[in-house]
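Please open the model in a viewer and keep the selection tool at hand. The tour goes from one selection to the next and says what is there.

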Amino acid sequence: MIYISTAFYQEASPMIQAFSLNKLSQFSKYQVFGNEHFTLFITNPGPIASCIGSTYVLSGQRPEATDLFVNLGICGCTDTTIPIGTPCLCTQINESLTGRVFYPDVLFSHPFLECCLETHPGNISDNSQITSNAGTTLVDCEAASLYQSAQLFFQIHQMLFIKIVSDYLEPQSVTDIHVRSCIECNLTAVFQWLENIQQSMQTACANSLLDVESIPEFHLLASQLKLSATMKAQLKQLLNYSQLKGKDTGQLLSLCLEKTAQCNTKLEGKNYFEQFKQQLI
Amino acid sequence: MNNLSNNLFSSHFSHIYVETALRNSASVLRILDKFPTANVIEIPHYKDIFCRSQQNFCMQKKSPKLILAKKEGTLIYPGAPVCQDFGNKHFYYTSNVMNCIYDCEYCYLQGMYSSGNVTVFVNLEDFFLEIELLLQKHPVYLCISYDTDLLALEGILGYCEKWIAFAKKHKDLTIEIRTKSANTGALTALEPSDNVIFAWTLSPDFVSSHFEHKTPSLNQRLKSIKVLTEKGHRVRLCFDPIIYHDTWKESYSAFITAVFSHVPTDAVRDISLGVFRVSKDYLKRMRKQRKDSLVLAYPYEMKAGVYQYKEQLEREMTAFMLKHLTNHVPESIIFQWKECPNESNAGN
């Protein structure tokens, strides 16, 4: 799943149309759209709104190791040599209110310009309002707070901040059409890249281990052998090990259940457990 | 703009984070010269990158970044009980570099550090100063390549050469450079020295190919050792950790034969021998990150906060190794890891 955070409907609408996203009615406080690949939510602009919105939506989800969180939106730019419409990957995010600095992990090759971004509580219209000395090029109102809220749910390599240059600190010049156009022009490049990243991550995270906790026989056996919590955890570890050695864990569990059906006491259970341990090692 | 490559993970050290105060220092500029296309990002302090929360060590290992920093505070630490002191009373270690470019599944670094990025402390002169102060009190035995592989990074940092030059000036200092590298090119011009110990960690092919990712093969390491020993150097061989696997007896038997067919016994200064062991906290973290690692998934037993093999197996593996090693070298030069700290246990 790719979770996309935008501040305005105008930023979201090109993606809603391009990917045929449906409104998700289970979210009543914020507009959330989705399909089997994407969940897109509109937080409204500003650090507090984006923090609350993202936390509200993500709290109901269970992001997995191969999911991505993407903050995709427009931004102001202090460098007039960077053309309007340029997509930028933020490698440093400054929070103007607190002076804190955040560094997203940059693990993946990408086709974008790398920039330093500063998040302000509202629009700014000149360079003198930039607070950091770190060569800030981009300005927005959400990224720093989104970084902090998304960190509750994702690891930092899963968090990507892509901003499209919409103006040179002239927020009044930014119209709805202009916003849509900035996003539309970069949809293909951005989402092709995101898809490639997910594939890379799926390969990197590929893990054929069956979750032992999901096997009913595991719990049955632990109960049958009257195992303590510690021993049950040891049994789980043993079963993980046996899986990695290519043994049929399900079959082993079934055999053991059969053999120990007459286990009556904790001491008997402990003895059976030791025998089972030797078999698995 | 960066170009999209077929392998989507960025190259190693594609980004270099540099503490702002060091940005124009000679040592930093020397290192940056080696990476002309890297993106350099200035940071206030290395911990702003190295200690971020929610990092994934294993994912970062696929595209590690370089952090250049100055180390403050304590620079030289007393040697840890889980490490071999080889009978040296004043045993210390230091970390000029945190993290290694190799990716061994059993490595404690992934339990100790939250980041897979490599941090290099460029203020080597401060480390040397602290050692000189120690040397005023007593001789020092110092391991300089524990939390990294300095020889593997020699082409970028040149730290081994600097340490060796420093040791040459201080005969009361003995340094150990532990490595899995085959990068001996830079060192072949070096003269043998009693107070510089090159220590190779060696494992059978099965262990090396299954668990020691990105490392040179056993054969490559043995060839490197041979190059140095032919120049008169005496080396330390580290058979540590010994890793259990189904065919461990055949593996380790063939392995020891291979080692001594390349390394003349009179070129072996001493041997370190120890089965795998790791602290409870580290293993918990390591298992969480590498769920599919056979070596980490093994059902170790815990004793005094350290996970290790069952005592019977441990004794069997150690006795096996001793028996085969003593066909080639005297037992007096074999130092075994024992649970009790600070016991000199050569020849036990």
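The stops below cover the interface, the salt bridges and the cysteines.

This is a predicted model, in which local features need pLDDT of at least 70 and side-chain atom pairs count only at pLDDT 80 or more, while totals for chains, interfaces and linings use all residues. Residues are numbered from 1 along each chain as its sequence is written, chains are lettered from A and ligands numbered from 1 in the order in which they are written, and side-chain values use heavy atoms, with hydrogens and water left out.

**Stop 1: the interface**

Select chain A and chain B and show where they meet. Here 41 residues of chain B are in contact with 40 residues of chain A; contact means heavy atoms within 4.5 Å. The size of an interface is often given as the accessible area lost when the parts come together. For chain B and chain A, the buried area is about 3,300 Å², with 56% of it on carbon and sulfur atoms. Buried area is the accessible area (1.4 Å probe) that two parts lose on being put together, summed over both.

Next, show the polar pairs. The rule finds 19 residue pairs in polar contact across the interface of chain B and chain A, both residues at pLDDT 80 or more. A polar contact is a pair of N or O atoms within 3.5 Å; within protein, one must be able to donate a hydrogen and the other to accept it, and residues adjacent in sequence count only if both atoms are side-chain atoms.

Which element gives the most to the side of chain B that touches chain A? Strand S2 of chain B does, with 4 residues. That side of chain B divides into 16 nonpolar, 14 polar and 11 charged residues. Ala, Val, Leu, Ile, Met, Phe, Trp, Tyr, Cys and Pro count as nonpolar, Asp, Glu, Lys and Arg as charged, and the others, Gly among them, as polar.

Between chain B and chain A there are 3 salt bridges, where a salt bridge is a side-chain nitrogen of Lys or Arg within 4 Å of a carboxyl oxygen of Asp or Glu. For one of them, select B:Glu301 and A:Lys277, whose closest N and O atoms are 3.9 Å apart.

**Stop 2: salt bridges in chain B**

Over all chains, a search finds 15 salt bridges. Select B:Arg236 and B:Glu176, which form one at 2.8 Å, N to O. B:Arg236 is in strand S13 (residues 235–242) and B:Glu176 in strand S10 (residues 173–179) of chain B, so the pair ties together parts 60 residues apart in sequence. Strands (E, at least two residues) and helices (H or I, at least four) are DSSP runs, numbered from the N terminus.

Are these two residues buried or exposed? B:Arg236 is buried at 2% relative accessible area, and B:Glu176 is buried at 0%. Buried means under 20% relative accessible area, exposed over 50%, and partly exposed in between (1.4 Å probe, protein chains only).

Now select B:Arg277 and B:Asp240, a salt bridge at 2.8 Å, N to O. Both residues are buried.

Then go to B:Lys249 and B:Glu316, with closest N and O atoms 3.0 Å apart. B:Lys249 lies in helix H10 (residues 248–262) and B:Glu316 in helix H13 (residues 311–325) of chain B, 67 residues apart. B:Lys249 is partly exposed at 37%, as is B:Glu316 at 36%.

**Stop 3: the cysteines**

Finally, select the cysteines. The count is 0 disulfides over all chains, a disulfide being a pair of cysteine sulfur atoms within 2.5 Å. The sulfur of A:Cys116 is 8.3 Å from the closest cysteine sulfur, in A:Cys90, which is too far for a bond. A:Cys116 is buried, at 7% relative accessibility.
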